[in-house]
Amino acid sequence: GPCTECSCSSGKEPEKDPNHTKKKDNGDRLCIPKIFFGTRTHKQITQISRELKRTAYSSVPMTILSSRDYTCIHPMVSHSSNRNEMCVELLEGKHGKSCSYYHGVHKLSEHHALQPAARVSQAWDIEDLVSLGRKLRACPYFAARELMVGADIVFCPYNYLLDPQIRDSMDIKLKDQVVILDEAHNIEDCARESVSFGVTESQLRAAREELDFMVSNNIRQKHHEPLRAVCCSLI
């Protein structure tokens, strides 16, 4: 069930069975849902975490999910135009190298500054996470994802909640959780964006040429002919 996501690995209650949320605790505690707080931009997350800091809830376990554009600190990957691809290649060790920042991720996700502690103001924003990551030489992108396991509140841009592919890759499970959408009137645009993409005329022409080649060489003709027709009609 959804409760396996709630099992607290943040070190908050180390003495308890980590699966304590799966069943009622002493017959009276049910699984506590996470709050997923979606905003339009990363900048708004910074504002909200600043506000959280000023409340009585400033020490709740939290995390902020964001892209590698904001959280990658690897000297080569962070300056690359395709960070996602380069990161994956490094982690797969394709060129015989790996990412030392990724291997240090626990130094960051288990750091006391990010752990809930009594009477200590804990709320942080992406910049705090990144600067701590630089100091510890540990990856903020994956640390933020690790922290999601024990977090009570998870901040992220809308599309992390709306786009099924991102949800999947980030391992976000919304069943039985609480979802709050800030400025929800922007949701329609965001939903449209997540199922839209743009192509240029030259891309269409190139696709049509490739499909022409497939059809004329008898390669899976019945699949490629209708695709060619679509390209032609769009052109």
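In what order do the four strands of the open sheet run, and is their pairing parallel or antiparallel? Select the strands and you can read off the order 2-3-1-4, with parallel pairing. Two strands count as paired if DSSP finds at least two bridges between them.

Before going further, a word on what is loaded. This is a predicted model, in which local features need pLDDT of at least 70 and side-chain atom pairs count only at pLDDT 80 or more, while totals for chains, interfaces and linings use all residues. Residues are numbered from 1 along each chain as its sequence is written, and side-chain values use heavy atoms, with hydrogens and water left out.

**Stop 1: the whole chain.** Colour by secondary structure to see 12 helices and four strands; these are DSSP runs numbered from the N terminus, with helices being H or I of at least four residues and strands E of at least two. Of the 235 residues, 37% are buried, where buried means under 20% relative accessible area, exposed over 50% and partly exposed in between (1.4 Å probe, protein chains only).

Stop 2: Pick strand 2 (62-64) and strand 4 (178-181), the edge strands, each of which pairs on one side only. Neighbouring strands are turned by 20° against each other on average, direction ignored; axes are lines fitted to C-alpha atoms, for helices over the stretch in contact, and angles run from 0 to 180 degrees between N-to-C directions. Show side chains here and you will find phenylalanine 37 opposite isoleucine 180 of strand 4.

**Stop 3: helix 1.** Select residues 42-53: this helix lies across strand 1, strand 2 and strand 3 (153-157), and runs at about 155° to strand 3. Within helix 1, centre on serine 49. Serine 49 counts as buried because its relative accessibility is 2%. Leaving aside residues up to four places away in sequence, serine 49 touches Ala123, Trp124 and Asp125, contact meaning heavy atoms within 4.5 Å.

**Stop 4: helix 7.** Go to residues 140-147. Six of the eight residues of helix 7 are buried, so this helix is largely enclosed by the rest of the structure. The buried ones are Pro140, Tyr141, Phe142, Ala143, Ala144 and Leu147. Their cover includes strand 2, helix 2, helix 3, helix 4, helix 5 (105-109) and helix 6 (126-136).

**Stop 5: the largest cavity.** A search of the whole structure finds two cavities of 30 Å³ or more, and the largest holds about 110 Å³ of space. Which residues are closest to its centre? Select Cys72, His74, Cys87, Cys99 and Cys139, from a lining of 16 residues. Helix 2 (68-71), helix 3 (83-91), helix 4 (100-103) and helix 7 each give two or more residues to this lining. (A cavity is a set of points on a 1 Å grid over the protein atoms alone where a 1.4 Å probe fits but cannot get out, and lining residues have an atom within 4 Å of a point; the volume is the space filled by probe spheres set on the points.)

**Stop 6: two loops.** Most residues other than glycine have a negative phi. Select aspartate 171, whose phi is near 60°, in the loop between helix 9 (164-169) and strand 4. Aspartate 171 is partly exposed, at 46% relative accessible area. Finish at asparagine 218, where phi is also near 60°, in the loop between helix 11 (201-216) and helix 12 (221-234). Asparagine 218 is exposed, with a relative accessible area of 57%.

Methods: 1 Å grid on protein atoms, 1.4 Å probe; cavity = no way out; pocket = protein on both sides within 12 Å on 5 of 7 lines; lining within 4 Å.
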